[in-house]
Amino acid sequence: MAVVSFSLKDLGIEGAAELAEKIGLDVESVEGDTLSIDVPPNRPDLLDFFGLRRSMLYYSGKRVPADSDYAVSAPAETSITVTKNVEKIRPFISSFVAKKVNMSEQHLKYLINFTEKLSETYGRKRKKMAMGLHNYDAVKGPLVYDASDVGKFIPLGSSQAMSFGEIIKSHPKGIAFGNTIESGKNRALYPYLKDSEKIMSLIPIINSKATAIGKSTENILVDVTGTSEKTVNSTASLLAASFIDQGAEIHPVEIKYEKRSLMQPDMAYREVKVNLSKIDGTLGMRLIENLLITYANRLGHPASKYGNSLLVKVPPYRLDVFNYQDIIEDIAIGFGYENISPTPVHSTAIGLFNELQEYINKLAVFMIGVGYTEAVNNYLTNQDVAFKQMRLPEDANVVKITYSKTENITMLRNSILPSLLLTLGRSTHEKMPQRLFEIGSVFSVEDDKAAERVNLSFVSEHSRSNFADAKGVLDSMFGFLGIKYSLREEKNPSFIEGRCAGIYSEGKHIGTIGEVHPEVLNNFKIAEPVAACEVNLIGEVSYFKE
């Protein structure tokens, strides 16, 4: 998720905050003239000022989509030859030229913020994809996308020429993003873009001062590079749509690989046929064809009736639409989820309490009784929170998420404690003491299969919080459960040495208790000492008896 802010005056649409929510966005705040929204990972087009405004115009009916909205001029404006040197480093590039761009200073800020947010989220901090914007009037084509261990130019933010190596070591952007470049087999190779006279950028680090853009720039060359051709090409289409919405003309660029060439950007609409009965069955209601077309239009899709189906044309900037299910979801959003009436589920089965849940509920009531507040956190997390901030080595036996859309969600949690520390770090404005607990699932990989266990974790934060504070709660809790246990001193990087113990029952290690290490507290921005505990309730050793 990424939070972006725009001026309501610039948007110029009445009820913009309400429209944002109807489109499916979370409104973070409306303060004065500023609207701040939380954009989900599947809608990168809404990180863009013009993309958001476009969606609001469609939803409000002030603009009707057509499959000719994003046409591209031909023939190719220039070409980029891709050399073999980038093949193992950053092999793919897409590009186009936007002409007759008319940008105010504010629109330029929106554009730069959009490209930065897109590279940060969709581009995985420039590693998977990154973009460059150049003053096309300063470019002398044709262009070459190459890689070398030597090169020199004056980067943005500098007044003197720097070598590739110097930029990586001492330029702020080089220090921040130098790790996104994969080295060659025998030496460091740096991908770069050059025209017939000069180097234009060190990719994906920094552009040259010679092709810098400003608010008076009318013609812009856009390049998109990365490790995934699909991501690179679709991002170019997304950016081209944004420039078209600004009133610019898009001119394609020919990309010349060793054995093939292609024209970019690809602004073709994709056709998806959706059977009307599938729409009716999914939504639980029958909507006439004209209304289905209207609701598809609200999400930017030109649509028409096609026999017993709805023929929907997906615009090139909608990177999140893959099949008919996504179209049905968009129709539901266009109709308005608040307008869908709930339908009772008819069943002859008798509902009963789940015994495991009853056991957990009793334990939760006990924890509340000893002064703790229950927290409920997401099962999804990332390696930075689970390991780095906890001062732990990364565990290979975690359940990782393939093709994650955001770096904030890359794995299923293997411990509850990091989530509770995150909550404490976000609650520094609350009164002390703060005492939280959570009972929930944690996950790991065992024998090449995902394993789920139920853990309980609790934390106590205040100026005098210590090991004895947590042990008193543990004694009471295990007494309540009728469990015999013992403690053995152990070393755990997340806890202060000498103030940490392993929890054992029936001869097996079932948890850890101790005082959280100051470095961990600092990582989570926690000001007061914290005593913490995490114990496994249901797993290898189970204290729940059906």
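Author: Helices are DSSP runs of H or I with at least four residues, and strands are runs of E with at least two, numbered from the N terminus. This is a predicted model, in which local features need pLDDT of at least 70, side-chain atom pairs count only at pLDDT 80 or more, and totals for chains, interfaces and linings use all residues. Residues are numbered from 1 along each chain as its sequence is written, and side-chain values use heavy atoms, with hydrogens and water left out.

Reader: Where is Ser 419 found?

Author: Ser 419 is found in helix H13, residues 417-425.

Reader: Why is Ser 419 called buried?

Author: Buried means under 20% relative accessible area, exposed over 50%, and partly exposed in between (1.4 Å probe, protein chains only). Ser 419 has a relative accessible area of 10%, so Ser 419 is buried.

Reader: What makes Arg 286 and Asp 280 a salt bridge?

Author: A salt bridge is a side-chain nitrogen of Lys or Arg within 4 Å of a carboxyl oxygen of Asp or Glu. The closest N and O atoms of Arg 286 and Asp 280 are 3.1 Å apart, so the pair forms a salt bridge.

Reader: Why does Arg 286 count as exposed?

Author: Arg 286 has 63% relative accessibility, so Arg 286 counts as exposed. Asp 280, at 16%, counts as buried.

Reader: What makes Asp 320 and Arg 43 a salt bridge?

Author: Their closest N and O atoms are 3.9 Å apart, so this pair also forms a salt bridge. Asp 320 lies in the loop between strand S18 (309-314) and helix H10 (324-335), and Arg 43 in the loop between strand S3 (34-39) and helix H3 (49-59), so the pair ties together parts 277 residues apart in sequence.
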